[in-house]
Amino acid sequence: MSEILKRMSSAVIQGQRDDTRQMARDAIEGGCSAEEVLYQGLMPGMDHVSGEFKAGRMFVPEVMRSARAMLNAMEVIKPIMVKNGIRMAGKVVLGTVQGDLHDIGKNLVGMMCEGAGFEIHDLGADVAPGQFVEAVKAFQPDIVGMSALLTTTMRAMEGTVQALVEAGVRDRVKVMIGGAPVTQAFADRIGVDGYAPDAAAAADKAKHLIAASR
Ligand code: B1M
């Protein structure tokens, strides 16, 4: 790995967002491809962060700083990747379900998945079932990700799955859920494809769902 890509990984781990943006520019100008920047610079950094978060050695604010550092560099390489038709790991439509305004965890999940190479279409919070259906039709994602933080809004996850079935698009996507009150048992009961307890596990689960479907 070239020196600048190694330094980029460290800058992601340290959450140095201005540095990562400049490093991405320098790397591209120095002849690195956008793919090298993503897969050899940014993603190894986020993989490390993910491992530290899982192990309880890094916490939410630090992870968010790292994710922002990575996203800043992504702004530099994304247009190049789109222009060159570089395939991302997969596409995720993500939202906090209807009636629920909590979006910090959902944003972290989006950042971690983006760090794992996914293209994210974030619908925001308080997302109605019909909005998820429309987004599936518009963006053709591989995965629909739903977050809920209230026991009362967990029911909207089931309602959204039902809406996907009724719209005839349920079979086109994998559905993944999470949020503090959500459990694997609940995920099994409402018939979704995946559950993850935290943002790092969500990125891993998204990778597994994609691998299993290809
Ligand atoms: Co609210 N709130 N809140 N709140 N809030 C909780 C959730 C609560 C547990 C607090 C409490 O009473 N102890 C409680 C819920 C009780 C329950 O239902 N069992 C509660 C309540 C009651 C409410 C209101 C009803 C309060 C009121 O108005 N009376 C109200 C509801 C508004 C609404 O949504 N309609 C309300 C409002 C708010 C604020 C707006 C003030 C604010 C949200 C700001 C925002 O998100 N923009 C807020 C906050 C901040 C919290 C707490 C303090 C923190 C939540 C959070 O951000 N955690 C929370 C108490 C707590 O958890 N200590 C609380 C950090 C975040 C990183 O973790 O979201 O769990 P989390 O996400 C994790 C995992 O769950 C997982 O990965 C994330 C990262 O590791 N994950 C996924 C999340 N989504 C996933 C999706 C996946 C996979 C994994 O796949 C797609």
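Is Lys78 buried, exposed or partly exposed? At 35% relative accessibility, Lys78 is partly exposed. Buried means under 20% relative accessible area, exposed over 50%, and partly exposed in between, with a 1.4 Å probe and protein chains only.

A word on the model. This is a predicted model, where local features need pLDDT of at least 70, side-chain atom pairs count only at pLDDT 80 or more, and totals for chains, interfaces and linings use all residues. Residues are numbered from 1 along each chain as its sequence is written, and side-chain values use heavy atoms, with hydrogens and water left out.

Back to Lys78. Its partner in a salt bridge is Glu114, with the closest N and O atoms 2.8 Å apart. Lys78 sits in helix α4 (residues 60–84) and Glu114 in helix α5, so the pair ties together parts 36 residues apart in sequence. Glu114 is buried, at 10% relative accessibility. A salt bridge here is a side-chain nitrogen of Lys or Arg within 4 Å of a carboxyl oxygen of Asp or Glu. Helices (H or I, at least four residues) and strands (E, at least two) are DSSP runs, numbered from the N terminus.

The structure holds seven salt bridges. Another one joins Asp204 and Lys54, at 2.4 Å from N to O. Asp204 belongs to helix α9 and Lys54 to helix α3 (residues 34–54), so this pair ties together parts 150 residues apart in sequence. Asp204 is partly exposed at 24%, and Lys54 is partly exposed at 45%.

Next, the ligand. Of the 27 residues around the ligand, Leu101, His102, Asp103, Ser147 and Thr151 come nearest. To count as near, a residue needs a heavy atom within 4 Å of the molecule. Which backbone atoms make polar contacts, meaning pairs of N or O atoms within 3.5 Å? A polar backbone atom of Leu101 is 2.6 Å from a ligand oxygen. For Gly99, the distance from a polar backbone atom to a ligand nitrogen is 3.0 Å. A backbone N or O atom of Ala199 lies 3.1 Å from a ligand oxygen. Two or more residues of the shell come from each of α5, β3, β4 and α9. The largest share, four residues, comes from α5.

Last, the largest pocket. Its lining has 22 residues, and Gly105, Val109, Gly179, Asp198 and Ala199 lie nearest the centre. Helix α5 gives the most to this lining, with five residues.

Key:
On a 1 Å grid over the protein atoms alone, a cavity is a set of points where a 1.4 Å probe fits but cannot get out, and a pocket is an open set with protein on both sides within 12 Å along at least five of seven lines; lining residues have an atom within 4 Å of a point. A polar contact is a pair of N or O atoms within 3.5 Å; within protein, one must be able to donate a hydrogen and the other to accept it, and residues adjacent in sequence count only if both atoms are side-chain atoms.
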